[in-house]
Amino acid sequence: MLGSDATAATTSSRDIAAFCGRHTRLRVTNRPVTTVPARGEENPQLLNTGTLPPHENWLPQSAFALPQEQFSRYLDAPSVNLISLLQEAASRMTADHQAVVRPIGSMVYARRGAFLDWGFVRDLDIWVYVSPATLATADWTDLHVALQQHVFDVFSENYVWSHVSDHTGYVYLRDQDGQRRLIELKLASLDWLDVGLDYAHLRRSRLWRSPRAAHFVKPRLEWAAHTPYENYYPTAPAQAPFTERVTAISRTRAHAGLLHAYGENLAEAYLAATPGRMAVAIQSRRRFFRYTRRILKKQLLLAVMLGHEPARIAALAGLEALRDNDGPARNAASRSRYLAEVLHNLDILRSADATPFAAWLGGNRPRLNPTATLPTPLSRLPASVRLPPQHGPDLAISAAEPRRAAHLAAAE
């Protein structure tokens, strides 16, 4: 048995080394990992297709309800919704009550059915778009400070556990156990939803423009541009201006932006899989969890972009196993085998067919289509996260218990 483990570990190590050799050079030379059209290049499939339809969220605002038993100071306090609280805070800062709240990151993709799994949420990345009229009232820093203070005030008024840092001024969402989740607020102009697409291809982390289009330059500013696979929640006064800006965007430009976003998120996963990091992850249990989580979180996002629900559920199940320290981290051999499979699946996502992007742009969004296919069967997923075939119109609800599903798959 030991000999078998040693052979498997050697094979896995070779697979990992081959993967790292292929992709690290791309990141060192700052080259894109996927083909992205040059600026102005038109996609033949999107010619003469006009502009984008009105934006449609795939995740309802109700999904952001804050569980009272977890976040409320009093169990008999009225139930509240995270997006509604952020909209109220933003409205207090604006000159015309126009604000659009856009939550991003794994907090949005880690959902069970129509609800978020707050156990996966460590930080809350929130973009807040305001009108030029509001931006004319103060500079970026003052507006950003005011927004943070209003968020803290609104949370306190609604009996939500929160904390504001005396050192940074950042607001934290707390739970009954005292765990803090940073609310990372970014401000941007409503116009940047369109303008940002012209800068996405530059692949720069800082864009020094006058006037600046956004405050808080991390992550990349171009990510503030409109992306159809994200969710946007405007206040009532902002609904019409938001729709006007989105429907003025050409599908060709939006398609190039989607390809860029896909490539950049894939590249971020590759950054966690450099030869040095993978070597350390095989030897160190702590680093194994750290780097594998980073890769799986990006796979979660990429699966959403492709509309591939089984892949999203599989990545979520993998994150759950790692969260509960239930992953294959017993020894270096098991970590090596697991990482080899994870990296193989990452390679699949590099060569995945991006045709679902056209559906996001045409008003017929993929809706996390369970019939979407990837070049290699999902049976190559690690046994701990592999799922059995599923049926029914709502995969997310039928797969609400990924641990049980993974157990059934392993039993097969």
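Modeller: A residue is called buried when its relative accessible area is under 20%, exposed when it is over 50%, and partly exposed in between, using a 1.4 Å probe and protein chains only. This is a predicted model, in which local features need pLDDT of at least 70 and side-chain atom pairs count only at pLDDT 80 or more, while totals for chains, interfaces and linings use all residues. Residues are numbered from 1 along each chain as its sequence is written, and side-chain values use heavy atoms, with hydrogens and water left out.

Colleague: How many salt bridges are there in the whole structure?

Modeller: The search finds eight salt bridges. The term requires a side-chain nitrogen of Lys or Arg within 4 Å of a carboxyl oxygen of Asp or Glu. Side chains of opposite charge can pair when their charged atoms come close.

Colleague: Where does R102 find its partner, and how far apart are the atoms?

Modeller: R102 pairs with E230, and their closest N and O atoms are 4.0 Å apart. Helices (H or I, at least four residues) and strands (E, at least two) are DSSP runs, numbered from the N terminus.

Colleague: Is R102 buried or exposed?

Modeller: R102 is buried, because its relative accessible area is 2%. E230 is buried as well, with a value of 4%.

Colleague: Which residue does R253 pair with?

Modeller: R253 forms a salt bridge with D194, with the closest N and O atoms 2.7 Å apart. This pair links distant parts of the chain, since R253 lies in helix α9 (residues 251-271) and D194 in helix α7 (residues 192-195), 59 residues apart. R253 is partly exposed, with a relative accessible area of 26%, and D194 is partly exposed at 23%.

Colleague: What about E88; which residue does its side chain meet?

Modeller: The side chain of E88 meets that of R92 in a salt bridge of 2.9 Å, N to O. Both residues are in helix α3 (residues 82-93), four residues apart, which is about one turn of the helix. E88 is partly exposed because its relative accessible area is 35%, and R92 counts as partly exposed at 36%.

Colleague: Which residues make up the network that includes E88?

Modeller: E88, R92 and E157 are linked in a network of salt bridges.

Colleague: Let us change topic to helix packing. At what angle do α11 and α12 pack?

Modeller: Helix α11 (residues 285-306) and helix α12 (residues 309-323) pack at about 160°, with their axes 8 Å apart. Axes are lines fitted to C-alpha atoms, for helices over the stretch in contact, and angles run from 0 to 180 degrees between N-to-C directions.

Colleague: Is the crossing of α11 and α12 left-handed or right-handed?

Modeller: The crossing is left-handed. That means the near helix is turned anticlockwise from the far one by less than a right angle, whereas clockwise would be right-handed.

Colleague: Which residues of α11 and α12 meet?

Modeller: Contact here means heavy atoms within 4.5 Å. Among the α11 residues are F288, F289, L296 and L300, and among those of α12 are A311, L316, L319 and L322. The residues of this contact divide into 11 nonpolar, three polar and four charged. Ala, Val, Leu, Ile, Met, Phe, Trp, Tyr, Cys and Pro count as nonpolar, Asp, Glu, Lys and Arg as charged, and the others, Gly among them, as polar.

Colleague: How does α11 lie against α13?

Modeller: α11 and helix α13 (residues 332-350) pack at about 25°, with their axes 11 Å apart. That makes α11 roughly parallel to α13. The crossing of α11 with α13 is left-handed. The contact includes I295, Q299 and L302 of α11, and Y338, V342 and N345 of α13. By class, this contact has 11 nonpolar, three polar and two charged residues.

Colleague: Which residues does Q299 touch?

Modeller: Leaving aside residues up to four places away in sequence, Q299 touches A315, V342, N345, L346 and L349. Q299 is in helix α11 and counts as buried because its relative accessibility is 7%.

Conventions: Angles under 35 degrees count as roughly parallel, over 145 as roughly antiparallel, 65 to 115 as roughly perpendicular and the rest as oblique.
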